[in-house]
Amino acid sequence: MLLRDLPPARVTHEVLNQPPPLEGYNLFEQDRALSEALRREGGGWAEERARRLGEIAGGEPMRWGAQANAYPPVLRTHDRYGHRIDEVEYHPAWHELMRLAVAHELHALPWRDPRPGAHVARAALFMLLGQAESGHGCPISMTYSGVSALRVQPEIAAEWEPRLTSTQYDPRMIPSEQKTGALCGMAMTEKQGGSDVRANTTRARALGRGGPGGEYEITGHKWFCSAPMCDAFLVLAHTERGLSCFLLPRWLPDGTRNRFYVQRLKDKLGNRSNASSEVEFDAAWARMVGEDGRGVPTIIEMVNHTRLDCIIGVAALMRQAVAQAMHHTAHRSAFGKTLTNQPLMQNVLADLCIESEATTAAMMRLARAYDESAHDEHQRHFARLATAVVKYWACKRAPMQVAEALECLGGSGYVEESILPRLYREAPLNGIWEGSGNVICLDVLRAMGREPESVEAFFDEVALAGGSEPRLATFVNALRKELTDFDAIEYRARRIVEQMALALQASLLVRHGDPAVAEAFCASRLTDDHGRAFGTLPRGVDCARIIDRARPQIG
Ligand SMILES: Cc1cc2nc3c(=O)[nH]c(=O)nc-3n(C[C@H](O)[C@H](O)[C@H](O)COP(=O)(O)OP(=O)(O)OC[C@H]3O[C@@H](n4cnc5c(N)ncnc54)[C@H](O)[C@@H]3O)c2cc1C
């Protein structure tokens with residue numbers, strides 16, 4: 001056949017120099033930083049589970065993730081006859097993701113199987129599925145975290161825990177006693193104050209005697225209430241004794257709907273698969289959890305676990321972004337060379353990998369502290385401080401890291417099909433949730449003031465690297481000096497917390513990381529030998545090794 005006989009489209013549409021799709025690979029097996037950390041931090045027993053979920057997550061859930069975000073949830077306030085129903089309809093892909101997460105115990109593993117390493121194992125699993133889709137992680141995380149707060153009120157926990165830890169996802173809008181599984185949300189933020197929950201205006205009126213476990217009527221509003229199809233919510237409201245914590249179910253004990261009204265859904269930057277709503281409670285029925293007037297200390301148990309999940313969430317985003325960047329640049333050429341072999345691209349890729357590995361290492365170490373906190377006070381102090389420190393820094397790095405990974409794909413990275421725009425839109429969210437940047441830094445100062453043992457626990461962990469890395473020793477000395485200077489300490493809080501996070505990440509990488517990654521991290525993050533952007537690693541870094549270690553090896 002002659003060229004002129006071909007239809008024009010076929011002549012011009014020869015596709016060259018495009019990578020094969022990055023799909024159908026095992027997200028766990030191809031993530032050495034994660035699989036090494038799972039073994040190291042005590043979750044080795046869950047390796048086979050992680051491998052299985054890694055295989056699944058790299059397949060169909062990637063498609064579900066795209067669909068669940070392309071077809072966001074829709075609020076139905078009323079049925080066709082005019083009755084209020086306050087229900088949210090989701091795309092089937094959302095339900096598939098939820099079913100998968102619940103079946104794999106991402107919402108409950110440490111409560112169902114509290115053996116050593118359970119939080120570590122769950123963290124690995126949560127990170128794997130989080131790479132396919134982030135939004136569904138919200139109700140999964142709140143359910144996981146909610147159990148820790150509910151246990152403060154044993155009779156309520158006895159009723160709800162079996163439902164909240166069931167491995168059956170049951171999305172039916174019916175009373176939870178009739179369901180095979182239930183989910184829990186959290187509603188604290190109000191219009192006039194989110195970080196400062198003392199500004200809450202929602203009121204609770206005792207029905208009868210009141211007090212812990214007692215029945216109340218809640219009246220007020222919440223400006224953010226994500227996943228409103230959860231079966232119950234931990235809510236803050238004022239009693240005469242102060243801000244208190246309540247469990248507010250969607251259904252009343254008599255089998256009718258609670259007075260929980262969804263006003264509208266937020267039109268959000270990202271996280272579009274997940275419904276985030278504004279709700280009003282009009283004498284809604286609830287039960288008090290924990291002591292009257294001690295709502296913040298009660299719900300803080302939940303908040304600490306969701307903070308850990310924010311870190312896992314950004315570790316997932318960073319890893320997926322890096323995997324996409326590695327894969328694309330390994331299969332695309334420009335100016336006569338594969339991109340991954342261009343020296344400047346090597347600098348960018350290696351820098352992105354280091355950030356991702358450092359986040360994964362810190363996240364998994366923290367998860368172990370959650371495992372050990374139950375019987376080890378030192379670990380509890382470490383977890384208290386390090387969770388806030390790592391959350392601040394990981395969440396600050398994620399948007400920049402994901403944006404740079406997106407740029408590695410050039411124009412294709414800006415196109416929805418590449419997944420990078422979705423990762424990018426998601427990236428700032430964990431920084432806002434559960435304490436935004438400043439609030440977290442102030443919380444670090446508060447924790448250090450109130451629990452000096454947490455400072456020692458933190459530095460004990462950092463010191464485990466010994467004197468083997470002189471740059472770390474110098475860095476930590478300077479940091480300790482900063483901490484003894486109280487002048488304008490609030491103003492300086494971000495710098496301090498950033499340095500604490502870097503010290504912890506460096507210590508972990510020096511002790512356990514790949515030597516090339518540890519060396520590059522210390523060279524670039526602990527000294528001034530690094531620019532302001534990613535891709536400014538100093539000379540002498542073994543970029544090829546770092547990249548090779550992190551690249552998904554498919555094709
Ligand atoms: C998608 C999404 C879903 C959400 N889902 C839920 C949910 O399900 N349940 C829920 O309860 N909440 C939810 N939230 C709310 C979220 O937790 C709050 O937005 C967050 O806690 C911040 O509160 P705020 O928006 O009132 O901001 P503000 O408290 O007004 O803070 C604004 C800014 O000021 C800073 N700031 C505050 N105090 C200080 C200070 N003393 N010094 C210096 N800086 C300060 C903060 O760091 C922040 O940057 C959700 C938010 C989003 C975006």
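Rings of Phe, Tyr and Trp (its six-membered ring) count as a pair if their centres lie within 6.5 Å, and a pair is stacked when the planes are under 30 degrees apart, edge-to-face when over 60, and tilted otherwise. A search of the whole structure finds eight such aromatic pairs.

This is a predicted model, in which local features need pLDDT of at least 70 and side-chain atom pairs count only at pLDDT 80 or more, while totals for chains, interfaces and linings use all residues. Residues are numbered from 1 along each chain as its sequence is written, and side-chain values use heavy atoms, with hydrogens and water left out.

Select Tyr216 and Phe246, whose rings form an edge-to-face pair, 5.0 Å centre to centre with 65 degrees between the planes. Tyr216 belongs to strand β5 (residues 215-226) and Phe246 to strand β7 (residues 242-249), 30 residues apart; strands here are DSSP runs (E, at least two residues), and helices are runs of H or I with at least four, numbered from the N terminus. Both Tyr216 and Phe246 are buried, that is, under 20% relative accessible area with a 1.4 Å probe, protein chains only.

Next, select Phe233 and Phe260, which are stacked because their ring centres are 5.0 Å apart and their planes at 25 degrees.

Arg122 lies over the face of Phe126, at 4.6 Å from the ring centre.

Conventions: Buried < 20%, exposed > 50% of the residue type's maximum accessible area, 1.4 Å probe, protein only. Lys NZ or Arg CZ within 6 Å of the ring centre and 35° of its normal.
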